[in-house]
Every structure is written in C-alpha cells, then in structure tokens.
Amino acid sequence: MNKSNPMSKELKNSIAILCKLINALHETSLKPEHFRLAKFDQNEENTVEVLWGVLGKILNETSPVAIQEKVFSLHYNRTQFYCLQRENLCGSRELLLALGFLIGTTVERDLREKLESNPLPPVNHFAPQPLSADSNDQFEWKKLNERDLEKYRKWLVGHIASNHDMISEYNEQIRKIQTKYDKCLNIKAHNMLTIYEILALKDKEIGAQFLLETERIVCIMGIYQEWTKKEKIFWKWMASVLQEAKKTS
C-alpha cells in the first residue's frame, strides 16, 4: 500500500474496531485516519497531538517526558521514540509504533481492571474539609524587632514543613481507608450480590446509574470480542509500518 492508496475495507474495519475499543476504555478520539497518516509519518488531522494524547491516557500521564519514562519502564526498546519532542509536531510513525506496543501489552490489563472495578463511582466520604482561618487571630507585626521577626520566620518554616509531613501522612491513610472501603463495597454478600448491587436494587437513582455503567461495560466487552476476531489483520499491517520505518531510517 502506498501513500495514495486508501486502506482496504477489511483493514479499515479492523482499525475502526480498535479505535472504538481504545476510545471506550480511555475516552479518547482516535480515528482510523490517524493510523493511515502515521504510517507515512504525516501530521494531517493533528495526528501527532492525538497520538501523544492517547499514549498519555493509556499510561495515565500528561507530559511527554513522563509518558516516555513510563513506556521505558515497560521495556520498549525503540530509541527513536525517546528522541521525540511533543512541541516539534513530528514523529507520528514512532508514536504509532509505541501505541502498537502499548495495545499489545495493556489492552487486556485495562479491560480486566474495568471489569473488576465497581459499576458505581466510589463515594469519597473521607475528603478533608477546608479549614477556615480565624479572623480574630491577627499577629501584631509592628511590635516585633528584626531579631524576633527572624525567629518567627524560622518557626513558620519549621511549622509549615511539619504540616506538610502531616498532610502527606494523612493523605496516605485516607487513600488506604478509601481503598479498603471500596473493596468492602465490592464484596459479595452470601456469594450472590455485591453491596453495590444491593444498593442498586434498593435505590432507583443508584439503580439507574448502576445499569448505565453496566451497559457501558457490556458494550466494551462486545467491542473487545469484535477486536479479537480482527486483530490479526491489524498486527499484519503494523509489520508493514515497521518496514516503512526501515526504508526511511
């Protein structure tokens, strides 16, 4: 296939299903056209930005450096990818190859996490409430001399550092409690229903939300089943992307 030829219908269908799967799992806007353009290292349709965004969503990162570091931790060994800079708006083929690597290593994991997650979003009962400052507690700065001000400044620095340590410790404890809480809600009662499912049966609003999210998960599973039937076509095409890269290296 050269630059002027469109994708075959079979290949386009395979990539379209893959785009539906990734978009459903990660709320992205990937299109088959991005794949076609990226094969030939082009940037029409804002392909470079879209591919950086998809990589970021899959890896839960935002900056290019963080994305590259996360990909490196997965033992991806194409050095050309680590030379890319987002602001240059180039390298769509290398981004596509990195995306192909992530598809092969993370899609099943992401799907499993989606299936094992609670159908309802967790309720954060442990969010800290902001503290209001006491308007009557005012410090009389004018009464302090330079030496006392320096002592007070050092005391403030130490107090702030101590508060930061306490905040970090409290946040970690809150995270652990929230995780334990969510796991408890997902435990099956009498090996039949989870607590979330019981809540959905008892409350109409929770029930409607539960059904909506369950339908979304069922839809994702349907897309994934379609993908498993068509993925061989995609991987064969990705081999041609590698060949294209070798021609220009």
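Reader: Is E61 buried, partly exposed or exposed?
Author: Quick heads-up: this is a predicted model, where local features need pLDDT of at least 70, side-chain atom pairs count only at pLDDT 80 or more, and totals for chains, interfaces and linings use all residues. Residues are numbered from 1 along each chain as its sequence is written, and side-chain values use heavy atoms, with hydrogens and water left out. Buried means under 20% relative accessible area, exposed over 50% and partly exposed in between (1.4 Å probe, protein chains only). E61 has a relative accessible area of 27%, so the label is partly exposed.

Reader: Which side chain does E61 meet in a salt bridge?
Author: A salt bridge here is a side-chain nitrogen of Lys or Arg within 4 Å of a carboxyl oxygen of Asp or Glu. For E61 the N to O distance is 3.2 Å, and the partner is K70.

Reader: How many residues apart are R86 and E49?
Author: Their side chains meet in a salt bridge at 3.3 Å, N to O. Helices are DSSP runs (H or I, at least four residues), numbered from the N terminus. E49 sits in helix 3 (residues 47–59) and R86 in the loop between helix 4 (64–73) and helix 5 (92–116), so this pair links distant parts of the chain, 37 residues apart.

Reader: Is E244 buried or exposed?
Author: E244 pairs with K247 in a salt bridge, closest N and O atoms 3.6 Å apart, and both lie in helix 8 (residues 204–248). K247 counts as exposed at 64% relative accessibility. E244 comes in at 13%, so E244 counts as buried.

Reader: How many salt bridges does the rule give?
Author: K70 with E61 is a salt bridge, and E244 with K247 is another. By the rule, the count comes to seven.

Terms used
Helix = DSSP H or I, 4+ residues; strand = E, 2+ residues; numbered from the N terminus.
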